[in-house]
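Subject: A structure for you to look at

Hi,

Here is the structure I promised to pass on. Have a look at it first, and then read my notes below.

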Amino acid sequence: MKTQASVQNVIESHRYQVVPCSDGLVRLSIEQLNVLAFSHIISGLDNISSEEFNSEQAIFSGYTEWLFENVCAITLGWDWHWQWHNGRMQCRVKGLPRSNIQLQEEGFDVSPRRNDELLLEAIEVMAWQATTAEAIKNRYRESPMVMS
C-alpha cells in the first residue's frame, strides 16, 4: 500500500505543515527530516552512585529528547553514554532512537530496521553532544559532562 507523505515537499522547515497520520506517526522523507530544526527539550542522567560520579573510570549514561513543533509535534529521543577516554569525555548514542517519525523512501514506509538506521544517521549529524552536556551541567549541581 502506498502512503502519502504528510509534509509539504519544501526545504524550508518553518513552512512545513506537519500533520500526523491516523496511526499517530508523522511520515517524512529523509530529505524533509534533514531540514527540520529540532529543539532540545530535556536531558538527564541515569542513576549512578557517588563513587562512580567522582571516578575517571565511570561510564555515564542518560537520555535526551528533542522536538520539532509546527502544527503537531515531532519528537526524537535516544539514550547515550559518556565515557572518559584519554582524559576527555566522549559521547555516543546507545541503543535505538524513540520517535513518532516514520520515514519514507519513494513514497513508501521503510522497514522498522531501516527507519532506525536512518534516524541514527540523522542524529549523528546533529550537534547534540554539546547541548546535552550543557543541559546536564545546568540540571545537576556537580556534572561530569565537561566538553573540552
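**What I found**

Let me begin at the surface: R113 has a relative accessibility of 64%, so R113 counts as exposed. The classes used here are buried for under 20% relative accessible area, exposed for over 50%, and partly exposed in between (1.4 Å probe, protein chains only).

Before going further, please note that this is a predicted model, in which local features need pLDDT of at least 70 and side-chain atom pairs count only at pLDDT 80 or more, while totals for chains, interfaces and linings use all residues. Residues are numbered from 1 along each chain as its sequence is written, and side-chain values use heavy atoms, with hydrogens and water left out.

**Salt bridges**

R113 forms a salt bridge with E117, and their closest N and O atoms are 3.6 Å apart. By salt bridge I mean a side-chain nitrogen of Lys or Arg within 4 Å of a carboxyl oxygen of Asp or Glu. Both residues belong to helix α3, where they sit four residues apart, about one turn of the helix. E117 has a relative accessible area of 34% and is partly exposed.

R114 has a salt bridge of its own with E105, at 2.8 Å between the closest N and O atoms. R114 is partly exposed at 29% relative accessibility, and E105 is partly exposed at 34%. Salt bridges link E105, R113, R114 and E117 in a network.

The structure holds eight salt bridges. Another one of them joins the side chains of R98 and E65 (3.2 Å, N to O). This pair links distant parts of the chain, with R98 in strand β5 and E65 in strand β3, 33 residues apart.

**The overall layout**

The protein has four helices and seven strands. Helices (H or I, at least four residues) and strands (E, at least two) are DSSP runs, numbered from the N terminus. Read from the N terminus, the order is β-α-β-α-β-β-β-β-β-α-α. Of the 148 residues in the protein, 39% are buried.

Two strands count as paired if DSSP finds at least two bridges between them.

β1 (residues 26-29) runs parallel to β6 over four bridges. Within this pairing, R27 stands opposite Q102, and L28 has L103 as its bridge partner. β6 and β7 form a hairpin with two residues between them, and E106 in the turn has a positive phi of about 55°. As for β6 itself (residues 101-105), four of its five residues are buried.

**The core and its tryptophans**

The largest nonpolar core has 30 residues, and those with the most contacts inside it are L33, F38, W78, L103 and W128. Such a core is a set of buried Ala, Val, Leu, Ile, Met, Phe, Trp, Tyr and Cys residues joined through side-chain atoms within 4.5 Å. β4 gives the most to this core, with five residues. L103 touches several residues beyond four places away in sequence, including L28, L33, F108 and L119; contact here means heavy atoms within 4.5 Å.

How many aromatic pairs does a search of the whole structure find? There are two. Rings of Phe, Tyr and Trp (its six-membered ring) pair if their centres lie within 6.5 Å; planes under 30 degrees apart count as stacked, over 60 as edge-to-face and the rest as tilted. The rings of W66 and W78 have centres 6.2 Å apart and planes at 5°, so this pair is stacked. W66 lies in strand β3 (residues 59-69) and W78 in strand β4 (residues 73-85), so the pair ties together parts 12 residues apart in sequence. W66 and W78 are buried.

The rings of W78 and W128 have centres 5.4 Å apart and planes at 85°, so this pair is edge-to-face. W128 is in helix α4 (residues 128-139), 50 residues from W78 in strand β4. Together, the ring pairs link W66, W78 and W128 into a cluster.

Enjoy exploring it!

Best wishes
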